[in-house]
Amino acid sequence: MNERLKITPLGPYIGALVEDVSLSRPLSDAQFEQLYHALLKYQVLFARNQPVTPVQQRALAARFGDLHIHPVYPQTPEAQEIIILDTDDNNPPDNDNWHTDVTFIETPPLGAILAAKRLPSTGGDTLWASGIAAYEALSTPFRQLLAGLQAEHDFTKSFQEYKYRKTPEEHAQWQKAKEKNPPLLHPVIRTHPVSGKQALFVNEGFTTRIIGLEEKESAAILDFLFRHITKPEFQVRWRWQENDIALWDNRVTQHYANADYLPQRRIMHRATILGDKPFYSA
């Protein structure tokens, strides 16, 4: 039996297509090892024609670690670890900005697995950017300035209260999530715990300020970094087909879900894999 995966890079810095594997079935140890090392190298992996149930998606994600249960997103009936991202004109997306998932917790996710379930006729692409490539493109003096700095990440920057007032139950759930997830600090530059590479670890979705700087200084640096990471040369763009799967290293990437498809509907399922506490090591 041939267990060798076909892995084709999609760009010089980030992204690869994975073929010759069925992700609905349990992976052998050899297959999983190839997938894991490809994830470390390419930061985001894509696979076509992978119809998976929520239970199968949960099992695949659980090979990488414990799974996160999101505080406000709806979940599939079959598996509470799989969140439903169901967006249209009546429920517009809140992820159409550059963000790293769930950086508002002490141990932000190691990664995530996203499965395309229903797609608009056109549009709805997702873009990923490499925090490693963006960091390495900075000048040495600027890297030195950022080294050791910490930034605040706030749940309410992306999950704003007014969006969660449709029902008393929804608002109560949001209030509980806010109380459970107060603003916290992470390093501006994060060291990957496996590869040892450095990456930018601030994102427009959740990062509010850099600690120790004047307000205008913090705003200027964050604005530069948010724009810097969106340079096309650090990115890969994926045009979804139904039953595609994307798997990414959330520790060193950001992504943007393009909301150009409204008023059409788009449904995605996501499994989120818990990570460890971010650190910076020179």
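Reply: Asp125, Arg237 and Arg239 are linked in a network of salt bridges, a salt bridge being a side-chain nitrogen of Lys or Arg within 4 Å of a carboxyl oxygen of Asp or Glu. This is a predicted model, in which local features need pLDDT of at least 70 and side-chain atom pairs count only at pLDDT 80 or more, while totals for chains, interfaces and linings use all residues. Residues are numbered from 1 along each chain as its sequence is written, and side-chain values use heavy atoms, with hydrogens and water left out.

Asp125 lies in the loop between β5 and β6 (126-130), and Arg239 in the loop between β12 (235-238) and β13 (245-249), so the pair ties together parts that are 114 residues apart in sequence. The strands named here are DSSP runs (E, at least two residues), numbered from the N terminus. Asp125 is buried, with a relative accessible area of 3%, whereas Arg239 is exposed at 62%. Buried means under 20% relative accessible area, exposed means over 50%, and partly exposed is in between, with a 1.4 Å probe and protein chains only.

Another salt bridge joins Arg270 and Asp101, with the closest N and O atoms 3.4 Å apart. Arg270 belongs to strand β15 (residues 266-273) and Asp101 to the loop between β4 (82-87) and β5 (111-118), so this pair connects parts 169 residues apart in sequence. Arg270 is buried, at 5% relative accessible area, and Asp101 is buried as well, at 3%.

The side chains of Lys6 and Glu19 also meet in a salt bridge, at 3.8 Å from N to O. This pair links distant parts of the chain, with Lys6 in strand β1 (residues 6-9) and Glu19 in strand β2 (residues 16-19), 13 residues apart. Lys6 counts as partly exposed, at 44% relative accessibility. Glu19 counts as partly exposed too, at 31%.

Under the 4 Å rule, the count comes to 15 salt bridges.

Note on methods: Helix = DSSP H or I, 4+ residues; strand = E, 2+ residues; numbered from the N terminus.
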